[in-house]
Amino acid sequence: SHLVYGAWNEGNKCKRFEIPVTWPVYSGHDFGSANPAALFLARVKIPLPSGAPPSMRYGDIVSFREYLPGSGKSTAANVDAFKVFTKGLTIKVSAGGSHQEEDSRGVYTKHGWAIIEPAMPQMRPQVDRVVAIMEAGKYWVFEDNVFELAELATCAWKYDKEGNRTNEIDGEARFHLSACRRYILSLSDFTPETVVSHKSQTNSKYRF
């Protein structure tokens, strides 16, 4: 597919339900004074709460809140918004930015929202991790995360003059929520473990 996240399944779009306080929460962050962004994810535990799709499985990931405030917000105001979104929930870890953006991570940490560097520094391995999770059907998005859903439907690979697909995202700087997702899912908490059957080397599945 020309889409970066062609593995995304529209069937994993669901209506909003209340995230249980027992579910660990993660946040991904993209910095910049003009277009800061954040994405909040929760890890599914059993039993499922009322309103959750019955096909959700233990360990699935639910994207339950997007944040695109535009320009003009201070770091302190952004952190205040994060705390409102996650009131009563347990934040396990937050990650964001490139290797060079340690200063931005430090500013957020000083304002009470600790953000660590993504585990993978390069874009392509980050994308591969996200795609593997989506291929396994383990990524869910609330239907009112309209900007995230729009990015999933439009984020595409760049092609060269000969029509060959490159390893660059076309207009990558526009896809702030996609960057947030890549950053947080790069952590070892979300490493897909490929288990190969002893009976058949061609049969495998992802475990998270």
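Figure 1. At 1% relative accessibility, Ile61 counts as buried, because buried means under 20% relative accessible area, while exposed means over 50% and partly exposed is in between (1.4 Å probe, protein chains only). Please keep in mind that this is a predicted model, in which local features need pLDDT of at least 70 and side-chain atom pairs count only at pLDDT 80 or more, whereas totals for chains, interfaces and linings use all residues. Residues are numbered from 1 along each chain as its sequence is written, and side-chain values use heavy atoms, with hydrogens and water left out. Ile61 belongs to strand E4, residues 61-67; helices (H or I, at least four residues) and strands (E, at least two) are DSSP runs, numbered from the N terminus. Which residues does Ile61 touch, not counting residues up to four places away in sequence? Among them are Leu41, Ile133, Lys138, Tyr139 and Phe190, where contact means heavy atoms within 4.5 Å. Phe85 is 24 residues from Ile61 in sequence, and the two C-alpha atoms are 17 Å apart in space.

**Figure 2. Two nonpolar cores.** A nonpolar core is a set of buried Ala, Val, Leu, Ile, Met, Phe, Trp, Tyr and Cys residues joined through side-chain atoms within 4.5 Å. The largest one has 30 residues, and those with the most contacts inside it are Tyr5, Tyr139, Ile184, Leu185 and Phe190. Elements giving two or more residues to this core include strand E3 (37-43), helix H3 (123-135) and helix H5 (176-185). Helix H3 gives the most, with 6 residues. Look also for a second, separate core of 24 residues, which includes Phe40, Phe64, Tyr108 and Trp140.

**Figure 3. Tyr139 and its contacts.** Leaving aside neighbours within four places in sequence, Tyr139 is in contact with residues including Trp8, Asn12, Leu39, Ile61, Glu148 and Arg181.

Figure 4. Glu66 lies in strand E4.

**Figure 5. A salt-bridge network around Asp60.** Arg57, Asp60 and Lys138 are linked in a network of salt bridges. The closest N and O atoms are 3.6 Å apart for Asp60 and Arg57, and 2.8 Å apart for Asp60 and Lys138. This second pair links distant parts of the chain, with Asp60 in the loop between E3 and E4 and Lys138 in the loop between H3 and E6, 78 residues apart. Asp60 and Lys138 are both buried, whereas Arg57 is partly exposed at 38%.

Figure 6. Asp128 and Arg124 both lie in helix H3, 4 residues apart, about one turn of the helix. Their closest N and O atoms are 3.2 Å apart, forming a salt bridge. Asp128 is partly exposed, with a relative accessible area of 41%, and Arg124 is partly exposed at 26%. The count for the model comes to 12 salt bridges.

Key: Salt bridge = Lys/Arg side-chain N within 4 Å of Asp/Glu carboxyl O.
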